[in-house]
Amino acid sequence: MEHILDIERQKGELFEIFANIKDSNTILFLGAGASVGERKYLSKELIELYELHLQRSLNESNITNFIDILSADTSFSRQHFDDFVVTLLKKLKVTAAHKTLATIPWREIITTNYDLLVEMAFDEVAGGSDNVYEL
């Protein structure tokens with residue numbers, strides 16, 4: 001298998017990829033790493049921050065198990081946790097990378113992200129000279 005950064009040996013493949021992107025024939029699968037900028041709120045960070053809020057440690061690194069443990073406590077409010085996460089996500093800022101992603105003519109963007117950074121980036125660049133399609 002060739003290394004992804006061995007560009008010299010992959011010029012033909014890269015040309016085909018970029019041609020497909022240009023023709024709006026590429027689907028972007030966007031994961032949590034796209035939200036990482038100055039701050040990151042991945043599962044590990046969410047658990048740490050919520051434990052700070054609770055002022056106790058549950059010694060659980062899996063977010064699903066963490067919520068299950070909390071849910072067993074009758075004083076736990078899932079709505080409070082969700083609101084806590086939303087408050088954190090609202091602190092994330094659009095970066096130049098998000099704006100670049102928003103100007104590329106993807107056929108479709110499929111994402112697992114809960115934030116709206118790409119959508120907000122599109123709103124910022126919409127109507128500008130970089131706007132080549134509708135999101």
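Visitor: Which residues form a nonpolar patch on the surface, and how much accessible area do they have together?

Guide: A word on the source first. This is a predicted model. The patch consists of Ile-27, Phe-29 and Ile-110. Together they have about 280 Å² of accessible area.

Visitor: Where does Ile-110 lie?

Guide: Ile-110 belongs to strand β2, which covers residues 108–111. Its relative accessibility is 36%, so Ile-110 counts as partly exposed.

Visitor: Let me turn to salt bridges. How many does a search of the whole structure find?

Guide: Start with the general idea. Side chains of opposite charge can pair when their charged atoms come close. Here the search of the whole structure finds three salt bridges.

Visitor: Take Arg-78. With which residue does Arg-78 form a salt bridge?

Guide: The partner is Asp-82. The closest N and O atoms are 2.8 Å apart.

Visitor: How does the position in the helix help me read that pair?

Guide: General idea again. An α-helix has 3.6 residues a turn, so residues three or four places apart point the same way. Now this case. Arg-78 and Asp-82 are four residues apart in helix α4, so about one helical turn separates them.

Visitor: What is the relative accessible area of Arg-78, and what is that of Asp-82?

Guide: Arg-78 has 44% and is partly exposed. Asp-82 has 28% and is partly exposed.

Visitor: Next, Glu-124. Which residue does Glu-124 pair with in a salt bridge?

Guide: Glu-124 pairs with Lys-99, and their closest N and O atoms are 3.1 Å apart. Glu-124 sits in helix α6 (residues 117–125) and Lys-99 in helix α5 (residues 96–103), so this pair ties together parts 25 residues apart in sequence.

Visitor: Are these two buried, partly exposed or exposed?

Guide: Glu-124 is partly exposed, at 48% relative accessibility. Lys-99 is partly exposed too, with a relative accessible area of 32%.

Visitor: And what is the N to O distance between the side chains of Asp-73 and Arg-56?

Guide: That salt bridge has an N to O distance of 3.6 Å. Asp-73 is in the loop between α3 (63–71) and α4 (78–89), while Arg-56 is in the loop between α2 (43–54) and α3, so the pair ties together parts that are 17 residues apart in sequence. Asp-73 is partly exposed at 27% relative accessible area. Arg-56 is partly exposed at 39%.

Visitor: Now helices. How far does helix α1 reach from its first C-alpha to its last?

Guide: Helix α1 takes in residues 11–22, which makes 12 residues. Its reach is 16 Å, close to the 16 Å expected at 1.5 Å a residue.

Visitor: What is the phi of Asn-59?

Guide: Asn-59 has a phi near 55 degrees, a positive value in a residue other than glycine. Asn-59 lies in the loop between α2 and α3. With a relative accessible area of 70%, Asn-59 is exposed.

Visitor: Which side chain makes a polar contact with the side chain of Asn-59?

Guide: The side chain of Ser-57 does, at 3.3 Å. Ser-57 lies in the loop between α2 and α3. Ser-57 is partly exposed, at 47% relative accessibility.

Visitor: How far apart are Ser-57 and Ile-47 in space?

Guide: They are 9.1 Å apart, C-alpha to C-alpha. In sequence, Ser-57 and Ile-47 are 10 residues apart.

Visitor: One last residue. Is Thr-26 buried or exposed?

Guide: Use the cut-off: buried means under 20% relative accessible area. Thr-26 has 18%, so Thr-26 is buried. Thr-26 is found in the loop between α1 and β1 (27–30).

Visitor: Which residues does Thr-26 touch, not counting residues up to four places away in sequence?

Guide: Thr-26 touches Ile-17, Asn-20, Ile-21, Trp-106, Arg-107 and Glu-108, with that exclusion applied. Its side chain also reaches the backbone nitrogen of Ile-21, at 3.2 Å.

Definitions and conventions. Residues numbered from 1 in each chain as written. Predicted model: local features only at pLDDT ≥ 70, side-chain atom pairs only at ≥ 80, totals over all residues. Heavy atoms only, no water. Helix = DSSP H or I, 4+ residues; strand = E, 2+ residues; numbered from the N terminus. Expected span 1.5 Å × (residues − 1). Buried < 20%, exposed > 50% of the residue type's maximum accessible area, 1.4 Å probe, protein only. Polar contact = N/O pair within 3.5 Å; in protein donor to acceptor, adjacent residues only side chain to side chain. Contact = heavy atoms within 4.5 Å. Patch = residues over 30% accessible without salt bridge, like charges linked within 9 Å, V, L, I, M, F, W, Y side chains within 5 Å. Areas by Shrake-Rupley, 256 points an atom, 1.4 Å probe, with all protein chains shown as cover. Salt bridge = Lys/Arg side-chain N within 4 Å of Asp/Glu carboxyl O.
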